[in-house]
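Reader: Hi! Could you put the model up and walk me through a few local features?
Author: Happy to, here it comes.

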Amino acid sequence: MDPRRTARTVSDPKVRQVGFFTPAPPERSISDPPRFQDPIQPPSPSPTQVNDHSPSGNSLSPVMIPPAHHHSDNFLRTALQATSPPKAFSYSAKTVTIPPENEDVASSFSPGRKVVSAKSPSSFPGVKASSVPASELTTVSVVNLPPGISEKAGGASVEVQNDRPVSAKTLKEKTSKAERRALQEAQRAAKAAAKGTCCLCYSDSGVSVGYGYVPSMVYLVYFTFVLNNFVPVDHYVFLAEGTKASSAASMVVTSANTKPSKAAKPSSQKNDGSQVAASEKKGGDRAPEKDRKKDAPHPRMQYDDKSRVEKAKKRAVVKQTEARNRVELFRHLPQYEHGTQLPDLETKFFELNPMHPAVYKVGLQYLSGDIRGGNARCIAMFQAFKEAIKDYSTPPEKTLIRDLTARISSYVSFLIECRPLSISMGNAIKFLKNRIAKLPLALSESEAKSTLMLDIDRFINEKIILSEKVIVKHAVTKIRDGDVLLTYGASSVVEMILLHAHELGKHFRVVVVDSRPKLEGQLLLRRLVRKGLSCTYTHVNAVSCIMQDVTRVFLGASSVLSNGTVYSRVGTACVAMVAHAFRVPVLVCCEAYKFHERVQLDSICFNELGNPDAISKVQGREEINYLDGLVNQENLQLLNLIYDATPSDYVSMVITDYGMIPPTSVPVIVREYRRDHLWS
Amino acid sequence: MDFQVVVLAGGNSKSLTPLVSKDVPKPLLPVANHPVLYYVLHQLEESNLKDLIVVVEGEDAGLLVGAWISGTFVDRLHVEIAAVPEDIGTAGALRAISHYLTAKDILIVSGDLVSDVSLGAVAATHRRHDAVVTATLCCVPICGSSESGSSGGKDKTKKPGRYNIIGLDPRKQFLLHIATGAEIEKDTRLQEHLLHAVGQMEIRSDLMDAHMYAFKRSVLQEVLDRKDTFQSLKQDVVPYLVRSQLKSEAVLSGIPQAEEDGNEKVSFPNNQVMVSQILANASTPSFHELYSMDPDGSAQTRKTHKCCAYIASSSSYCVRLNSIQAFMDINRDVTGEADHLLSDTVIGPSPKLGTKTTVGPHCMLGEGSEMGDKCQVKRSVIGRHCRIGSHVKVVNSVVMNHVTIGDGCIIQGSVVCSNVQLQERVVLKDCQVGAGFVVTAGSEYKGESLARKEK
């Protein structure tokens, strides 16, 4: 290996040499003499090598990318066993029934519920308190907030005399009319402020944005406003209370709000806003602009940029302390003191009004590690969004498309605070937002909601479940009797492949390679053993020993990037490299919705940092405490990486829902199919 | 967040006589010049829970409590009062209001709880695990014996015997066993199959059940309906749920599952199975899930439900007012170390103090109280409109509203209820004086409970 390294440094000194990367290799076909001095190195790691191993005369050529329509039909008929509509991959399929509205909702508090005491939010608030005589529950104190239990009638009654004074202004100023007016005033001022800053920001983009009423601007302003609303709502109220005179209030609020609206800008809104503004002006090319907006690269905070981190903190829902001793190389990634987030989030359980309970629950589960794995996280997120959409109702004077997009964005930013999104989730969110944006304006609210819920169901069913089935079908053809299959970690697809092959009666052995600290492989192992597969379990340290017996390596992936790099659970690269060295074919199983057009060369610039305590302590064994007391030392930095990037050289084949392809063909999939199916 | 809050305020508590009477039901018993219910309601308001059902025992008490709430929390909380007959227990009270419960989860808080345990955290724990019941556990207050210092000797003898025995799983998330003070005899029975499933159980007696529960509504109603004999949440319902968590009767776990399935669409039945399987595989299975699996296959054959525990951090304050000693402790703590529980100032606006009168730290004087010359007040709470003569010494005591204390009285470690008249040179030590009592001049009492005879 040594000659390779030196050669690389000479060839391109600029490349960072971290990870498992060979230098931008010349051409695959041109053999590189110093490279093969090592006797273990295979002569040419071409994807056809894999094909040689499968004598079963498989009809699908691994390299061939099938034409879209013909093939999707094929896959579905065979893989689905006619449980789903024939043209499931295209969203224009009409056979899917629209889900009926759920009736369970009636048992929950819904905001639009009647209150018998005749208090609508718009009536003059806070003045009278009503007692409802004919009910067993006696309302003794009423707030303006609509959801009440007082509507129920009961039999025997206990009446409580409500001889309390009529005006109760002193208790909560918030509810009096004047105050509400002041609040409105403040919000208007905030909008004005945001508008002002927008003008400043985008004047140089060539689009002239007036100060007047431009619909798109209102959208932008609202967008930032919603995002900012999380924490500072009370702030507005307070300000509004303080200064009654409307002009004074607006002045104060303006100055106060300029900052948060700026703070929200480093994220993608800057892009979105300007583009929407531009598209509104140009009119004609609106749709492409929108597309571009959706395709805008996901905002990634550089966490070593102190000013931005400060600003992001201000609008964060979750209060989290940043870990102090971070490894220098990974300073740009967020890392928080573990354990500070959960309690804080929990105590706020009832205070996060805009957050839907389902989303909140998912966030908690991400944070506490109850849900992990790309597919599971994505499904959980989408199911939560579905719940949220089901309970959604458009506020007055807002359009569903814009308001819902903003709402989803706020949910997403909350989820990001709980745990950084995986690439697959990013794709899924893009899909959802795109669907929202593409909703016809004429659609009624309930129709729009059911359409979106259906879309979500479709995404889960077609992009995740069906994909897995298709992948399983492909991959099973690569398993022969007598094979020894190695897998790393616990990938849901790989598990399904193994189980399916077992069901087909193939005789093979499985080596489950695992690693600390998560030990996910044990869970997989448990399920495999229970199904009667013969398994070997080992840790990644022993992978070079066990690799001698192995005939195939099946790996899952968090994402496959367009240069063929496989972004996956940390350790995958190591396993793939060892397999490569032993000339064992490496098959990466990854659903196409996880593909991303990004190019990544190392695992540094984009990664996720886990809890450093997880590696400094051994769970369940308190006696292993060699690092006790050292953790907070200045000169000790703990690094618990979550992902790594496997260069495409070590990957023989990517098995995806469009067939088996060499990693070099990933960009084709990204280009051809994602555009057609995902964003259509 | 789809939570409904029920405050079980109680009514006339026997353990608190003579402090509690018809005129002053337990929820209105003043603690540091605020009714004890105020603390709970305040805490709920702080956590943004503004729709409450307050359950009071007895109709008269209900009227009084309702009047007080409507006066104090008007326009801040949406409170509904339900008066239930006395002596039907907490479970009975819930049964009585059961048909008003509609939300997915119910948060039940005891009205006599003075704590700063975050309600949100309890609810979040409950939701995260999708539990049937989540009980809040807090450390048994050690302050009762260690910090009360001067009057400490006596407390120590009172305290033991009330401990709960609580079994937790190794990760301290699930409740495996709960036995309250009353049922603890010499032996405690643990369930073998539970131990088998969990592998390891941690048994603790230093935790106290704070009477703050989150229940899944469907299950709670089911249990209340089916088990008519259950009287108390703490002694019957929660232990029952904990006991049966691995052999949950069909209804218990059947209902929530049906609800979930109802949400899912029938259009892709196979895929739903896969989705749920993927989700299930993604998380580390708790012992419940492991147990519910057959050893050979993955089919769920045994029904289980989860009983969670939320253990409040040792720094948070959490005491229940269920004895006179607790009453004294809470009064002292609220004015002292746990003064963050009270939002307003400790010393009222206009107490009139005579010359050379000293008021020590951790004291609270209500508005409109007057004190004569050369008085001493230490670690005590004095209510509103009290008139205290000269040369009076008040130490470690609670004096409620409208109390007249003659010259030269010495009050130590005592509770003096409203409208009491102490004539001159009365010496009280560790006494409780019921409302409206008149103590004649020069009398000395020690460790007695004085109350007016009921007419």
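Author: Let me start with a definition: a disulfide is a pair of cysteine sulfur atoms within 2.5 Å. This is a predicted model, in which local features need pLDDT of at least 70, side-chain atom pairs count only at pLDDT 80 or more, and totals for chains, interfaces and linings use all residues. Residues are numbered from 1 along each chain as its sequence is written, chains are lettered from A and ligands numbered from 1 in the order in which they are written, and side-chain values use heavy atoms, with hydrogens and water left out.

Reader: Thanks! How many disulfides does the search of the whole structure find?
Author: Zero, over all chains.

Reader: Then how far is the sulfur of Cys308(B) from the closest cysteine sulfur?
Author: The closest one is in Cys307(B), at 7.7 Å, and that is too far for a bond.

Reader: And is Cys308(B) buried or exposed?
Author: Cys308(B) is buried, at 1% relative accessibility. Here buried means under 20% relative accessible area, exposed over 50%, and partly exposed in between, with a 1.4 Å probe and protein chains only. Cys386(B) is another buried cysteine, at 0%.

Reader: OK, switching to charges. How many salt bridges are there over all chains?
Author: The search finds 21. The criterion is a side-chain nitrogen of Lys or Arg within 4 Å of a carboxyl oxygen of Asp or Glu.

Reader: Which side chain does Arg320(B) meet in a salt bridge?
Author: Its partner is Asp112(B), at 3.1 Å from N to O. Arg320(B) sits in strand S14 (residues 318-320) of chain B and Asp112(B) in the loop between strand S6 (105-110) and strand S7 (113-115) of that chain, so the pair ties together parts that are 208 residues apart in sequence. Helices (H or I, at least four residues) and strands (E, at least two) are DSSP runs, numbered from the N terminus. Both Arg320(B) and Asp112(B) are buried.

Reader: What about Asp206(B), which side chain does it meet?
Author: Asp206(B) forms a salt bridge with Arg204(B), 3.2 Å from N to O. Asp206(B) is partly exposed at 37% relative accessibility, whereas Arg204(B) is buried at 17%.

Reader: And Asp333(B)? Which partner there?
Author: That one pairs with Arg332(B), at 3.6 Å, N to O. Asp333(B) is buried at 1% relative accessibility, and Arg332(B) is buried at 15%. Over in chain A, salt bridges with shared partners link Arg435(A), Asp455(A), Arg458(A) and Glu462(A) into one network.

Reader: Which residues form the nonpolar patch?
Author: Leu190(B), Leu195(B) and Ile203(B), with about 220 Å² of accessible area together. Accessible areas come from the Shrake-Rupley method with a 1.4 Å probe, and for residues only the protein chains shown count as cover. Leu195(B) is in helix H7 (residues 192-198) of chain B and is partly exposed, at 32%.

Reader: What is phi of Glu397(A)?
Author: Phi is near 65°, a positive value in a residue other than glycine. Glu397(A) sits in the loop between helix H13 (374-390) and helix H14 (400-418) of chain A, and is exposed at 85% relative accessibility. Asp130(B), also not a glycine, has a positive phi of about 55°. Asp130(B) is in the loop between helix H4 (119-129) and strand S8 (133-139) of chain B, and is partly exposed at 25%.

Reader: Last one: how far apart in space are His42(B) and Arg76(B)?
Author: They are 9.9 Å apart, C-alpha to C-alpha, and 34 residues apart in sequence. His42(B) is in helix H1 (residues 36-46) of chain B and is buried at 12% relative accessible area.

Definitions and conventions. Patch = residues over 30% accessible without salt bridge, like charges linked within 9 Å, V, L, I, M, F, W, Y side chains within 5 Å.
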